[in-house]
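The structure is shown first.

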Amino acid sequence: MKAVVIHAARDLRVEEREPETPGPGQVEVAIEAGGICGSDLHYYNHGGFGTVRIREPMILGHEIAGTIKAVGAGVSKFTVGNRVAISPSRPCNACDYCLQGQQNHCLNMRFYGSAMPMPHIQGAFRQRLVVENWQCHEVKSGISINEAAFAEPFAVTLHAVARAGSLLGKRILVTGCGPIGALTIIAARVHGAREIVATDVMDAVLKKAEAIGADRTINVASEPERLAGYAANKGTFDVHFEASGNERAIRSGLDVLKPRGVLVQLGLGGDVSIPQNTVVAKEIEVRGTFRFHEEFGLAVDLINRRAVDLKPLLTGCYGLDEVQTAFELAGDRSRSMKVQLSF
Ligand code: ZN
């Protein structure tokens, strides 16, 4: 079988790997769609991020869906031919955090396509993948496999919404409208947000944000005063989902959050400085959000029931002979939202 392997920055290869056989409780899935994520792009463009570096060849990818081709002993939930979205979250279910229901903080997490531990955790951009049956969530007929492959990034944003608390009737600010920001808009809407204002520095991205449900969009590069207007009377927004990692976005969000508002930080921008006085005087709560676990099933359920429509976020799907093209496109915000591979 073929797999998409990163060797170093800008050194991405399609290579042969030996397929595996499903053991007890496992299934073999023919992967049919895989979304390229920001972390895949970091490995491709920079060989990693922060202190996490590629130290050995690693298969990329973790936003995946496909069709079951073989089932191992003891699997009764699935049969050959079932279409499934696959959760890349593989906690140990035995450490202290797992036992407290905080699987996303598992001490022994084996999340696909991660160079954090050594040896690296090999990813899922490959033609065949053997997974535990509990990682699989059935995709209903009529739902495309490309939509199903959105379950993973959508679950990230559902977890962010869970970290924020109830959004019912709340006024929401989303800064940064890449795939995660855009999916956050959809996740917030389905959780009862009253008003969603979205910001970015690119008009093409903001147009998409409006199409998928933002009530108002602001280009903070060309018209920052439109956001500043929301700072009147100590602020407007109950919750700020920060998906850009940009220091200026965080600072401007603190200005327009209401007292006791919540800043949910999704974006990774490294070390930034924030105005402590604002956090103190307005009693702002700063909350991080990291990956997901149980939200994956909810993501698939919302997609299956057509409670959300994620299709407008798909820019295109490329075969293994066009892997470089796909990664270049995925890295160009002016031309793409979510790019997927087919296998
Ligand atoms: Zn664990």
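The sections below cover the basis of the model, the domains, their interface and the zinc site.

## Basis

The model is predicted: local features need pLDDT of at least 70, side-chain atom pairs count only at pLDDT 80 or more, and totals for chains, interfaces and linings use all residues. Residues are numbered from 1 along each chain as its sequence is written, and side-chain values use heavy atoms, with hydrogens and water left out.

## Domains

Domain 1 comprises 2–150 + 310–342, and domain 2 comprises 155–288; these bounds come from an automatic or database domain assignment. Their C-alpha centres are 28 Å apart.

## Interface

Contact (heavy atoms within 4.5 Å) involves nine residues of domain 1 and 14 residues of domain 2. The buried area, meaning the accessible area (1.4 Å probe) that two parts lose on being put together, summed over both, is about 1,000 Å², with 71% from carbon and sulfur atoms. On the domain 1 side, L313, R333 and M337 lose the most area to domain 2, together 58% of what that side buries.

One salt bridge is counted between the domains, the term meaning a side-chain nitrogen of Lys or Arg within 4 Å of a carboxyl oxygen of Asp or Glu. R333 also forms a salt bridge with D200, with 2.7 Å between the closest N and O atoms.

## Zinc site

C92, C95, C98 and C106 each donate SG to the zinc ion, at 2.3 to 2.4 Å; donors are N, O and S atoms within 2.8 Å of the metal (3.2 Å for Na, K and Ca). Their spacing along the chain is C-x2-C-x2-C-x7-C. The arrangement is tetrahedral because the four donor atoms subtend angles of 101 to 120°, where tetrahedral requires all angles between four donors to lie between 85 and 135 degrees.

Terms used. Four donors count as tetrahedral if all angles lie between 85 and 135 degrees; four count as square planar and six as octahedral if opposite donors are over 155 degrees apart and all others between 65 and 115; anything else is irregular.
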